[in-house]
Every structure is written in structure tokens, then in C-alpha cells.
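I open this notebook to record what I looked up in the structure shown below. The entries follow the order in which I consulted it.

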Amino acid sequence: MYQGRERRWSGRPNSHLVDVVGALPAGTALDLGCGEGGDAVWLARQGWRVTAVDVSTAALERSAAAVAAAGVTARVEFRRHDLARTFPAGVFDLVSAQFLQSPLDFPRAEVLRAAARAVAPGGRLLVVEHGSVPPWGDPEHRHLRFPTPQETLAGLDLDPDGWHVERLDAPQRQATGPHGETATLVDHLVLLRRR
Ligand SMILES: C[S@@+](CC[C@H](N)C(=O)[O-])C[C@H]1O[C@@H](n2cnc3c(N)ncnc32)[C@H](O)[C@@H]1O
């Protein structure tokens, strides 16, 4: 996905991450599928100590360049993992999975369960995924049905006494396509706090 392209993503942090995390005190964060580092840069600027993970070496290199350009290298560590096979060690105050989606076979439910296990007591899991296909998306994807936030929560198979559901909703977002066209997109958001 990343090879041979200048930049794939905007470099800006994901808006739902900013909405949710902007109100939280900084701590440790795990960014799963960090892409080109827009979220890692923003989190580090807010004072978080970030572990940023991706399977793509090219993505991690671009993330490292973005973090260096922002002057926050000291607060971001990079780890290359194929999350289908290995998961970073440790627990974190925030585990964030923003559009952690793959065109390849990907054991989404298992990875999200591992993500929940990596949340420290009192910490949060934030999962944001597509809930709609943009008008400029691949026509072959139009038939896709995305898991609802309720289905994602059920798939996590968590002890309800151990977690507080803070958000389970489908917020809208204004997005701009590759040719400058705009659309209102629906995302699926799950925000849980470990007791
Ligand atoms: C749609 S992009 C989202 C990137 C970033 N979170 C964002 O919102 O801009 C999905 C990311 O997940 C990564 N990814 C896909 N499969 C993965 C896997 N098995 N292990 C780790 N990362 C993976 C991709 O390389 C890509 O950077």
C-alpha cells in the first residue's frame, strides 16, 4: 500500500481520536496500525508516550520522519509487528486502533481482543472503523457491511464488570476525496474504560 507513493494519508490526526483523547490526561499510548504517524505525532505533542506499531516498514519510516519533523522523537517508539502474528508487550493507558483494516486476511477479532488485554487498569480502548464507503471508494467495496459498534463490543468478549462502556456510536465526519470532493462519512466508534 505504501511503496512507490509519496504520502497516502493527510498527516493530520484522526478527528475522533482528537475529540476523545483531547480531554484526557496524557499517559502511555499504543497506536495499532499507525500508518504514516499522524496520530502518533499528535499524541506525542499532547504529552503522551507513544508506542506506534505497523506491519509496513515503509509506513514506519514515514512515521519516524513525521515524528522527527515535529520534534517529538523522544516520546515515540516504533515497533514493527504483523499483528496477525505478534502483539507488542506491555500495558498502556490508551490503546488506539484507528481504521486498523486490511485488504488481506486479518484476524480482526483476535487482534482487538489482544488490544483490550493491553489496556492498563483505568485505561481506555478506542476503536474507530469505517461505517460507510466514501463515494470515491472502490465500487467493489459498496456491498461491504461493516461491523456495528455493538458487534465489535460483543466480539471483544469482555467481562462486563471489568469495563465501563463510555461510547458506542456512529459519529459522522466530513471527509475530502482524492480530487477534492467532499462527503459526510459515518464511522463506528467504541470507547471502553477498564475499571
Ligand atoms: C487504513 S490504514 C490506517 C492508518 C492510520 N491508523 C490512520 O488512521 O491513518 C491501516 C493500517 O494498518 C496497518 N496494518 C494492516 N494490517 C496490519 C497487520 N497485520 N499488522 C500491523 N499493521 C497492519 C497498515 O499497514 C496501515 O498502515
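**Entry 1: Gln98 and its surroundings**

I began with a polar contact of 3.2 Å, which joins the side chains of Gln98 and Ser96. I note at the outset that the model is a predicted one. I located Gln98 in strand S4, which covers residues 92-98.

**Entry 2: Two residues with positive phi**

I next looked up backbone angles. Most residues other than glycine have a negative phi. Phe99 is not a glycine, yet I read a positive phi of about 55° for it. I found Phe99 in the loop between S4 and H4. At 19% relative accessibility, Phe99 still counts as buried, because the class takes values under 20%.

Asp157 also has a positive phi, near 55°, and is likewise a residue other than glycine. Its place is the loop between H5 and S6, just after H5. Is Asp157 buried or exposed? I recorded it as exposed, because its relative accessibility is 63%.

**Entry 3: Helix H5**

Having reached the end of H5, I examined the helix itself, residues 149-156. I found Pro149, Thr152 and Leu156 to be buried there. I then asked which elements the buried residues of H5 pack against. They pack against helix H4 (108-117) and against the strands S5 (119-130), S6 (163-169) and S8 (182-194).

**Entry 4: Ser132**

In the loop between S5 and H5 I looked up Ser132. A polar atom of its side chain lies 3.0 Å from the backbone nitrogen of Val186. With neighbours within four places in sequence left aside, Ser132 is in contact with Phe146, Leu185 and Val186.

**Entry 5: Strands S2 and S3**

I turned to the pairing of S2 (residues 49-54) with S3 (residues 76-80). The sense is parallel, and I recorded five bridges. The chain passes from S2 through helix H3 (residues 57-69) to S3, and I noted this β-α-β crossover as right-handed. Which residue of S3 is the bridge partner of Thr51? I found Glu77.

**Entry 6: Nonpolar cores**

Nonpolar side chains tend to be buried together in soluble globular proteins. I therefore looked up the cores as sets of buried nonpolar residues joined through side-chain atoms within 4.5 Å. The largest core has 23 residues, and those with the most contacts inside it are Val21, Leu43, Val50, Leu94 and Leu126. Helix H1 (15-21), helix H2 (38-45), S2, H3, S5 and S8 each supply at least two residues of this core. Which element gives the largest share of this core? I found H2, with five residues.

I also recorded a second, separate core of 20 residues, with Leu30, Phe92, Val95 and Ala97 among them.

Terms used. Residues numbered from 1 in each chain as written. Predicted model: local features only at pLDDT ≥ 70, side-chain atom pairs only at ≥ 80, totals over all residues. Heavy atoms only, no water. Buried < 20%, exposed > 50% of the residue type's maximum accessible area, 1.4 Å probe, protein only. Helix = DSSP H or I, 4+ residues; strand = E, 2+ residues; numbered from the N terminus. Contact = heavy atoms within 4.5 Å. Pairing = 2+ DSSP bridges. Right-handed = clockwise from strand over helix to strand, strands pointing away. Polar contact = N/O pair within 3.5 Å; in protein donor to acceptor, adjacent residues only side chain to side chain.
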